[in-house]
Amino acid sequence: MDDELLASIPLLAVLNRRAREQVLRTAREAHYAAGQTVVREGDPATLLYLIISGHAGVEEGGRTVGRMGPGEFFGELALIEEHGRTATVVAEDDLDCLLISAWEFKASLEEHPQMAIPMLNAIIARLHRTEHHG
């Protein structure tokens, strides 16, 4: 995976090249086929998912509440609060993700607190969409 692609992901764009390379060394790539469940609501959380390509649907309580695509991420709330997944995420088409362990995510956030800004922006945007668009 090249640095240009990593730099296009808002959560990682705030990092310098060396820090992005460090994140990449600790992450692993995963592929999910269309229709495959990536995470299930209530399951234990151990990973942060960064979408590299493809799209995923987000469901809460069996109801579709959103859609995500390249550059977006999910799983951060369960890692931060250390509780089960708040939603089910299903691949809508072929989905490629970069997976970062909870331990590495927290270490990266502590070492690079500027990552909190795009993360908060994404969380606020999700809340806004949910509040205003059901």
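User: Over how many bridges do strand 3 and strand 6 pair?

Analyst: This is a predicted model, in which local features need pLDDT of at least 70 and side-chain atom pairs count only at pLDDT 80 or more, while totals for chains, interfaces and linings use all residues. Residues are numbered from 1 along each chain as its sequence is written, and side-chain values use heavy atoms, with hydrogens and water left out. Strands (E, at least two residues) and helices (H or I, at least four) are DSSP runs numbered from the N terminus, and two strands pair if DSSP finds at least two bridges between them. Strand 3, residues 47-53, runs antiparallel to strand 6, and their pairing extends over two bridges.

User: Which residue of strand 6 is the bridge partner of Tyr49?

Analyst: The sheet concerned is open, its four strands pair in the antiparallel sense, and their order is 1-8-3-6. Strand 1 (28-32) and strand 6 (73-74) each have a single partner strand, so one side of each is left without a neighbour in the sheet. Within strand 6, the bridge partner of Tyr49 is Phe74.

User: What angle does the direction of helix 5 make with that of strand 8?

Analyst: Helix 5 (residues 102-111) packs on this sheet, where strand 3 and strand 8 (95-101) are in contact with the helix, contact meaning heavy atoms within 4.5 Å. Axes are lines fitted to C-alpha atoms, for helices over the stretch in contact, and angles run from 0 to 180 degrees between N-to-C directions. On that basis the angle between helix 5 and strand 8 is about 75°.

User: What separates the C-alpha atoms of Ala34 and Glu92?

Analyst: Ala34 lies in the loop between strand 1 and strand 2. Setting aside neighbours within four places in sequence, Ala34 is in contact with Ala91, Glu92, Asp93 and Asp94. Although Ala34 and Glu92 are 58 residues apart along the chain, their C-alpha atoms are separated by 5.0 Å.

User: Is Arg20 buried or exposed?

Analyst: Arg20 belongs to helix 3 (residues 17-26) and, not counting residues up to four places away in sequence, touches Asp3, Leu6, Ala7, Leu12, Ala13 and Leu15. Buried means under 20% relative accessible area, exposed over 50%, and partly exposed in between, with a 1.4 Å probe and protein chains only. With a relative accessible area of 8%, Arg20 is buried.
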